[in-house]
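The sequence and structure are shown first.

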Amino acid sequence: MKSLALHWKILIGMLLGLIFGFVMLQIEGGSGFTKAWIKPLGTIFVKLLKLIAVPLILASLIKGVSDLKDISKFASIGVKTIIIYVITTVIAISIGLTLVNVFNPGDGVSDATISKLTETYATNSSVQGKIAEANRQQQSGPLDFVVDMIPENAFSALSNNKLMLQVIFLAIFLGISLLLIGEKRAKPLKDVFDSLNDVVLKMVDLIMLTAPYAVFALLANVVVSSGDPELLYALLFYASVVVGGLLLMVCFYLIVVAIVVKKNPFWFLKQISPAQLLAFSTSSSAATLPVTMERVEEHVGVDKEVSSFVLPVGATINMDGTSLYQAVAAVFIAQALNFDLTFTDQLMIVLTALLASIGSAAVPGAGMVMLVIVLESIGFPADKLAIGLALIFAVDRPLDMCRTVINVTGDATVSTVIAKLEDKLHNPKPKDWDDHWEEVK
């Protein structure tokens, strides 16, 4: 297993999954076979990653905070993290708006295509569900976001992966309290969390042994579940604009790594590539978080004090790829449905997409909910929202996979930058699943 690098194994699994999926599409009953016998392998893998996400955040963040000698260091890390995340999100939205206004992909969509997309997807239960969820979020008060961060029951927060901010708050609160009671009193509990952190990271190593087979199953299922190929081709120009913007964001990250971190950007990409490939396969920053943390800490060399805070927060509030996609999608829909946008409307898109990304769920499909909020902020007719979402629904899943890669890359980049600024970047110390095999066999 060690003869071939992990990212190559995962990449081979992805390619074989795509080929297998396309072959199954051509065979009668192939789609049903894939969903019944292949898809569960990928589902189990994603469940395992989600299983360890909360314990990993809890243990690593408590350890990171309680190990700090100066509490002001934590405040410094927190402020820099939020500022940099906001800056990268604004840059992503600006790139998206620039590209969609230059290429105008919505102008080339024919009335026939609009009619077919509307007929196929406008009444789709998923589309209607996204609109309903967006309306629910919009009805919340201005400070509800802060209120929702505070758990009223620790065990309830720890039992729900969607309450990631509550877990982060609990871990920080507990870590600071451990710091304040003195090292002697805190040591027994700190030892428990230190050990839990090591165990969960070992679980990540074990789960990653199955990653190549899991991404094979995930990609095969995506292919056999894809919609009408003709509709996908009709939206190819729009999808190309989104992907072009996402690639520009990757270039931006690499420039930042080269200039600020002073590391080889291609070395950096190689170290985090397993997390990127899993993000592409799962379409979930939250599911990929354990792997992202493991790659950034062990293979890039970011200190746990930084990664344990920056990465979980990033998985929740930093969605550069999703924000860029929203900017392109909102203007594309307006262009296709002849809804004129003023310069003020486009500034509103920047502001709303930025605010909507904070606290949005790091799960597949969250971008569509955020898009509804963005469209309504610029006065898009409510009776055309379903039609607008229907226009892009056919390619949403593949684009969701692509933008999740950017979200994860952005998180890893910012954590590395913060580590450099805080002098918390050390030489990488990779670990493997069988490092302690001699002790237990």
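Axes are lines fitted to C-alpha atoms, for helices over the stretch in contact, and angles run from 0 to 180 degrees between N-to-C directions. Helices are DSSP runs (H or I, at least four residues), numbered from the N terminus. The model is predicted: local features need pLDDT of at least 70, side-chain atom pairs count only at pLDDT 80 or more, and totals for chains, interfaces and linings use all residues. Residues are numbered from 1 along each chain as its sequence is written, and side-chain values use heavy atoms, with hydrogens and water left out.

**Helix pairs**

| Pair | Angle | Axis separation |
|---|---|---|
| H14 (residues 285-300) and H20 (residues 396-421) | about 35° | 10 Å |
| H2 (residues 30-66) and H10 (residues 211-224) | about 135° | 8 Å |
| H3 and H20 | about 140° | 10 Å |

A crossing is left-handed if the near helix is turned anticlockwise from the far one by less than a right angle, and right-handed if clockwise. H14 crosses H20 in the right-handed sense. Their contact (heavy atoms within 4.5 Å) involves Ser-285, Thr-288, Thr-292, Val-296 and Val-300 on H14, and on H20 Thr-404, Asn-407, Val-408, Ala-412, Ser-415 and Thr-416. By class, 4 residues of this contact are nonpolar, 7 are polar and none is charged. Here Ala, Val, Leu, Ile, Met, Phe, Trp, Tyr, Cys and Pro count as nonpolar, Asp, Glu, Lys and Arg as charged, and the others, Gly among them, as polar.

H3 and H20 pack at about 140°, and H3 is therefore oblique to H20. Angles under 35 degrees count as roughly parallel, over 145 as roughly antiparallel, 65 to 115 as roughly perpendicular and the rest as oblique. The crossing of H3 with H20 is right-handed. From H3, the contact draws on Ile-77, Lys-80, Thr-81, Ile-84, Tyr-85 and Thr-88; H20 supplies Gly-410, Asp-411, Val-414, Val-417, Ile-418 and Leu-421. These residues comprise 7 nonpolar, 3 polar and 2 charged.

H2 and H10 are likewise oblique to each other, with a left-handed crossing. Among the residues in contact are Ile-38, Leu-41 and Phe-45 of H2 and Phe-216, Leu-218 and Val-224 of H10. The contact of H2 with H10 divides into 11 nonpolar, 4 polar and 2 charged residues.

Asn-104 follows H3 and has a positive phi, near 45°.

The structure holds 11 salt bridges, each a side-chain nitrogen of Lys or Arg within 4 Å of a carboxyl oxygen of Asp or Glu. One of them joins Lys-73 to Glu-422, with the closest N and O atoms 3.2 Å apart. This pair links distant parts of the chain, 349 residues apart: Lys-73 lies in H3, and Glu-422 in the loop between H20 and helix H21 (437-440).

Terms used. Helix = DSSP H or I, 4+ residues; strand = E, 2+ residues; numbered from the N terminus.
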